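Dear colleague,

Please find the structure that I am handing over to you below.

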Amino acid sequence: APGAMATDAAEEYVEKIGKDVLKLANAGSRGKATRAKFASMLSKYVNLRGITIASLGTYQKQLPPGDKEMLNELVTTYAAALFAWYVDDFKGENFVVDRTAPQGKFLLVYSKIVKSGGSDEPIVWYLSPAGNGYRIVDISVLGVRLSSAMRQRFNDELKKSKGNFEPLYAMLREAETW
């Protein structure tokens, strides 16, 4: 059935990415090199542009048009820095896809990083069809959805600054020092 083939393809896609994340986490590297590798992975597989724009919520229309690309670059660095900061949480013995389920226009892939001694780390991938494959449109890791966390953080920053984007940019730039 086409549905089963799509599910298999989605699971294979996530399994490849998950194993790459596991390999990176288990490598033991830290700092800017790790952040750069996570940034590369995020740029390749995740629709960060979509997450970024959605995360602005009601402030989307106030984003200066010339700042869109800069904001996308800052968010990529910020998200990569978060993954690099928590890299130890992604260490494990194996990456396993548990199941796949449709949810609205998304296909959710439930997976986990298998750790020795229990306490596996569950990860939920939100996929959207893209070309002949998929694109990650959100991810839930360490119990937090990336889009929700960014939306809350961005909204707090923009509310505090009364819609001025400069403090948000400054907050995102801080990730370059992590």
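Helices (H or I, at least four residues) and strands (E, at least two) are DSSP runs, numbered from the N terminus. Just after helix 5, lysine 162 takes a positive phi of about 55°.

Two remarks on the source are needed. This is a predicted model, in which local features need pLDDT of at least 70 and side-chain atom pairs count only at pLDDT 80 or more, while totals for chains, interfaces and linings use all residues. Residues are numbered from 1 along each chain as its sequence is written, and side-chain values use heavy atoms, with hydrogens and water left out.

The chain as a whole contains six helices and five strands, in the sequence pattern α-α-α-α-β-β-β-β-β-α-α. Its radius of gyration (taken over C-alpha atoms) is 17 Å, close to the 16 Å that the globule rule gives for 178 residues, so the chain is as compact as a globular protein of that length. The globule rule is 2.2 Å times the number of residues to the power 0.38. Of the 178 residues, 42% are buried, where buried means under 20% relative accessible area, exposed over 50%, and partly exposed in between (1.4 Å probe, protein chains only).

The strands form an open sheet of five with the order 1-2-3-4-5 and antiparallel pairing; two strands pair if DSSP finds at least two bridges between them. Strand 1 (94-103) and strand 5 are the edge strands, each pairing on one side only. Between strand 1 and strand 2 (residues 106-114) there are nine bridges in the antiparallel sense, and arginine 99 stands opposite tyrosine 110 in strand 2.

Helix 5 deserves a separate paragraph. The expected span of a helix is 1.5 Å times one less than its number of residues. For the 15 residues of helix 5 (residues 146-160) this gives 21 Å, and the end C-alpha atoms are 21 Å apart, which agrees. Its buried residues are Leu146, Ser147, Met150, Phe154, Glu157 and Leu158. They cover an arc of only 105° around the axis, which puts them on the same side of helix 5; the arc is that of the directions from the helix axis to the C-beta atoms. An α-helix has 3.6 residues a turn, so residues three or four places apart point the same way. The face turned away from the buried side of helix 5 carries the exposed residues Lys159 and Lys160.

Yours sincerely
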